[in-house]
Amino acid sequence: MPVPDHAQIIEAVIHRRMTEKVMCELTARNPVPAAVEAVYQPLVRTALTAAGWAPFHYPRSIDGMAEPWRAHILWNRQAGQLARYLSETLQVTTKEPQLAAACSALVLVTWLPESPPSPATDTRPSERNEEHLAATSAMV
């Protein structure tokens, strides 16, 4: 049996990748059935676990974690609450509330910048913070 060429498989997946934006009017939003959530929640968690292997070159010990990123999952009900908050409270008129309303899972990724030793007027990110951003981007 021939061994699959993993590089060719990965290249084919990358070439077929495309972004499809799914939007939903807040008033037309339906909850995701529990049976569907039960199937897809473990897949989202597995994807995040795999993303956690993204390269990072500086040791950190905040919260016992070595990586500079944090991922927060909003499941369907929470994504709907976010959509309503963006639309009704913040009066966001761009597509973000409709995108959030369509989500069965929404992963918010943040990063942990290192504070400068003293407040400085130079606002450029430090080399370490640039690495934090690059590592977080790789994780995403």
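User: How many disulfides does the count come to?

Analyst: This is a predicted model, where local features need pLDDT of at least 70, side-chain atom pairs count only at pLDDT 80 or more, and totals for chains, interfaces and linings use all residues. Residues are numbered from 1 along each chain as its sequence is written, and side-chain values use heavy atoms, with hydrogens and water left out. A disulfide is a pair of cysteine sulfur atoms within 2.5 Å. By this rule the count is zero.

User: Is cysteine 103 buried or exposed?

Analyst: Buried means under 20% relative accessible area, exposed over 50%, and partly exposed in between (1.4 Å probe, protein chains only). Cysteine 103 has 17% relative accessibility, so cysteine 103 counts as buried.

User: Which residues is methionine 23 in contact with, leaving aside its neighbours within four places in sequence?

Analyst: Methionine 23 is partly exposed, at a relative accessible area of 45%. Its C-alpha atom is separated by 8.4 Å from that of cysteine 103, 80 residues apart along the chain. Contact means heavy atoms within 4.5 Å. With those neighbours set aside, the contacts of methionine 23 are Lys95, Gln98, Leu99 and Ala102.

User: Which residues make up the largest nonpolar core?

Analyst: A nonpolar core is a set of buried Ala, Val, Leu, Ile, Met, Phe, Trp, Tyr and Cys residues joined through side-chain atoms within 4.5 Å. Methionine 139 is in contact with residues including Ala51, Ala54 and Trp69. The largest core has six residues: Ala51, Ala54, Phe56, Trp69, Ala135 and Met139.
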